[in-house]
Amino acid sequence: MEITNVSEYEAIAKQKLPKMVYDYYASGAEDQWTLKENQHAFSRILFRPRVLIDVSKIDLRTTVLGFNISMPIMIAPTAMQKMAHPEGEYATARAAAAADTIMTLSSWATSSVKEVASTGPGIRFFQLYVYKDRSVVTQLVRRAERAGFKAIVLTVDTPRLGRREADIKNRFVLPPNLTLKNFEDLDLGKMDKTNDSGLASYVAGQVDQSLSWKDVKWLQTITKLPILVKGVITAEDARLAVQYGAAGIVVSNHGARQLDYVPATIMALEEVVKAAQGRIPVFLDGGVRRGTDVFKALALGASGVFIGRPVVFSLAADGEAGVRKVLQMLHDEFELTMALSGCRSLKEITRDHVVTEWDRPRIAPRL
């Protein structure tokens, strides 16, 4: 079957993967309202395309934290990719490099920073959870630096793991042939089978629930790498991120896997962008499945987007080739959306190119 869009990979992944693994990647927290909303909210934003503009040449290139990339579409951190495909993070790293974009490696990857670096050149960020044992955090950061990673993506929405009922039902645990490779030699214990989710128990035992803004400052004392704060969805926290020296913000609800009934990230985006006041870039993570979604995020002020589930589903379906195809399809759809909206470069994408539910009274015709 010819794959014609990103979403088609999910059904193939569901067929190919063990139920426990598919459910781990696909599910959200509790009622999964936010999980559905992350995608559905994009459908409530409509275009105001401009016509009769010469769109014979279109430039998608952009810079993120000073790094030049082919398009404002990057790879979000997703854990344990070797559950999806034997090559796991290696395949994802090669696909990202081939597409000339950024890959973010999860702390909970099944390949280490060193192993991912061994796949060849590429711009890579390292996603970090802060552990109770700070020497572990320091060692993880050092390893990422030595492996040539260019930024730290600090996840800030996970003092505890959200209630993911599929994982509880399945008694989720990392398959015995796999390990969390970044923690080798760090004595952090194993993810054991428990009466609920093995991952939830592991997190409760290891991740620091006392993490606060002062720790963002502490992180800056142990590394010179720029720090992106991932998991901000309010103006108040956006202002604090700026105040505490973050290099950027990723508007994220953790793929709707933490607190259910938070807004879709695309709905929270503009509030965060306005609060950041252009002082640091704001990125969007969550629900992106189409090039039109990328355009909508940029029109509402995002500097770029990160994709998560499309990567693991395409990886499960077709390994590196699947991830390459997802990145290519999103690139091509986004380029087409720009052409049909009358935009030749990212700087030409403006707020006036979209209309949202909360704009409509403003643009209603006078009777």
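Modeller: In this predicted model, a helix is a DSSP run of H or I with at least four residues and a strand is a run of E with at least two, both numbered from the N terminus.

Colleague: What makes the backbone of D100 worth a remark?

Modeller: D100 has a positive phi of about 60° although it is not a glycine.

Colleague: Why is D100 called neither buried nor exposed?

Modeller: Buried requires under 20% relative accessible area and exposed requires over 50%. D100 has 31% relative accessibility, so it is partly exposed.

Colleague: Where does L52 lie, and what is its phi?

Modeller: L52 is in the loop between β1 (46–47) and β2 (62–64), and its phi is positive, about 55°, although it is not a glycine. With 88% relative accessibility, which is over 50%, L52 counts as exposed.

Colleague: Which residues does the UniProt annotation "binding site" cover?

Modeller: That annotation, from an unreviewed entry, covers Y24, Y129, R164, H254 and R257. Of these residues, Y24, Y129, R164, H254 and R257 are included in the lining of the largest cavity.

Colleague: How do you know whether R164 and R257 are buried or exposed?

Modeller: The cut-off for buried is under 20%. R164, at 4%, therefore counts as buried, and R257, at 10%, counts as buried too. R164 is in the loop between β7 (151–155) and α7 (165–170), whereas R257 is in the loop between β9 (248–251) and α11 (265–276).

Colleague: What does R257 touch?

Modeller: Leaving aside residues up to four places away in sequence, the contacts of R257 are Y24, Y25, S27, G28, A29, G162, R164 and R309. The R257 side chain also reaches the backbone oxygen of S27 at 3.0 Å, and a polar contact requires N or O atoms within 3.5 Å. Y24 and Y25 belong, with F172, to a cluster linked by ring pairs.

Colleague: Why is the pair of W108 and Y129 called stacked?

Modeller: The structure holds 10 aromatic pairs. In the one formed by W108 and Y129, the centres are 4.2 Å apart and the planes 25° apart; pairing requires centres within 6.5 Å, and stacking requires planes under 30 degrees apart. W108 is in the loop between β5 and α5 (113–117) and Y129 in the loop between β6 and α6, so the pair ties together parts 21 residues apart in sequence. W108 is buried at 2% relative accessibility, and Y129 is buried at 6%.

Colleague: What makes the pair of F126 and F149 edge-to-face?

Modeller: The ring centres of F126 and F149 are 6.3 Å apart and the planes stand at 90°, so the pair is edge-to-face, the cut-off being over 60. This pair links distant parts of the chain, with F126 in strand β6 and F149 in the loop between α6 and β7, 23 residues apart. Both F126 and F149 are buried.

Colleague: How do you know on which side of α9 the buried residues are?

Modeller: In helix α9 (residues 213–222), D215, V216, L219 and I222 are buried. They cover an arc of only 115° around the axis, which puts them on the same side of α9. An α-helix has 3.6 residues a turn, so residues three or four places apart point the same way. The covering of the buried residues includes β6 (124–128), α6 (134–146), β7 and β8 (227–230). On the face turned away from the buried side, α9 carries the exposed residues K214 and T221.

Key:
Residues are numbered from 1 along each chain as its sequence is written. This is a predicted model: local features need pLDDT of at least 70, side-chain atom pairs count only at pLDDT 80 or more; totals for chains, interfaces and linings use all residues. Side-chain values use heavy atoms; hydrogens and water are left out. UniProt positions are given in the numbering used here, feature names are shortened, and annotations may be inferred rather than shown by experiment. On a 1 Å grid over the protein atoms alone, a cavity is a set of points where a 1.4 Å probe fits but cannot get out, and a pocket is an open set with protein on both sides within 12 Å along at least five of seven lines; lining residues have an atom within 4 Å of a point. Buried means under 20% relative accessible area, exposed over 50%, partly exposed in between (1.4 Å probe, protein chains only). Contact means heavy atoms within 4.5 Å. A polar contact is a pair of N or O atoms within 3.5 Å; within protein, one must be able to donate a hydrogen and the other to accept it, and residues adjacent in sequence count only if both atoms are side-chain atoms. The arc is that of the directions from the helix axis to the C-beta atoms. Rings of Phe, Tyr and Trp (its six-membered ring) pair if their centres lie within 6.5 Å; planes under 30 degrees apart count as stacked, over 60 as edge-to-face and the rest as tilted.
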